[in-house]
Amino acid sequence: MTAYLLILGEREAVAWVLRESRMAFPPTERREVDRLTVGDELFLLTTRGCWHNPTRDRTRVIGRARVTGPVEPYDEPLTIAGREFTRGCTIEIDSLAPYLRGVELAPLLPRLAAFPDKRAGAWSIRLRRPLLALPTGDADLLRAELAQVATAPDEVVGEYFDRIRPVRGLRSGTPAG
């Protein structure tokens, strides 16, 4: 089993992942997506810009999930918030922090091996991908930190759905087939 940060940079994507219990990936070939297997652990991470207020919001780990199905191509591309996704997999969300809460990533950076460049601001470049593999020690740290703020998904997911609004002028869809 491998652990990954599952990087979500758009609030509509967060709502889709929570509603569908799936993850969708863009058409760009990524080795980490190709390596994803059933049983892998995913730490759901929202970026500063995810909620459209980067001066208020921080990059946070908001939940934990596991992969329950293989990554497979969609019959038709899926569009979420104006971006196209061509393949995906099913996931099961095990825990979820309340809306706009979670484990802030920046204070943990000195202890996270997945971010070797500790210079201010340098770490965020590693979040410009859908997945980031985590060493065992990083996964253990995030699991322990998240356990302090997260709960069963059904206790808090309704607030996500109530508060996440579509991006004006853009629409989400679901995959065909």
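Predicted model: local features only at pLDDT ≥ 70, side-chain atom pairs only at ≥ 80, totals over all residues.
A residue is called buried here when its relative accessible area is under 20%.

As for the overall fold, the chain has four helices and eight strands. Read from the N terminus, the elements go β-α-β-α-β-β-β-β-β-β-α-α. The radius of gyration comes out at 15 Å, close to the 16 Å that the globule rule gives for 177 residues, so the protein is as compact as a globular protein of that length. Laid along its principal axes, the C-alpha trace covers about 45 × 35 × 30 Å. Contacts also reach well along the sequence: take those between residues at least 6 apart, and 76% of them join residues at least 24 apart.

On to the inside. Nonpolar side chains tend to be buried together in soluble globular proteins. In this model the largest nonpolar core has 36 residues, and the members touching the most others are Val14, Leu42 and Tyr160. Quite a list of elements puts at least two residues each into this core: β1 (3-8), α1, β2 (22-25), β3 (41-46), β4 (60-67), β5 (72-80), β6 (83-96) and α4 (153-163). The top contributor is α1, with six residues. Setting aside neighbours within four places in sequence, Tyr160 is in contact with Val14, Leu18, Trp51, Ile62, Leu96, Ala97, Pro98 and Tyr99. There is also a second, separate core, this one of 22 residues, with Leu45, Val61, Leu141 and Leu146 among them.

Helix α1 spans residues 11-20 and holds Glu12. Is Glu12 buried or exposed? The relative accessibility of Glu12 is 6%, and the cut-off for buried is under 20%, so Glu12 counts as buried. Glu12 and Leu96 sit 84 residues apart along the chain, and their C-alpha atoms are separated by 16 Å. Leu96, for its part, is one of the residues in contact with Tyr160.

The protein carries 26 positive and 24 negative charges, and the mean positions of the two sets lie 7 Å apart.

Methods. Residues numbered from 1 in each chain as written. Heavy atoms only, no water. Rg over C-alpha atoms; globule rule 2.2 N^0.38 Å. Contact = heavy atoms within 4.5 Å. Lys, Arg positive; Asp, Glu negative; His and termini not counted. Charge placed at Lys NZ, Arg CZ, Asp CG, Glu CD. Buried < 20%, exposed > 50% of the residue type's maximum accessible area, 1.4 Å probe, protein only. Core = buried A, V, L, I, M, F, W, Y, C linked by side-chain atoms within 4.5 Å.
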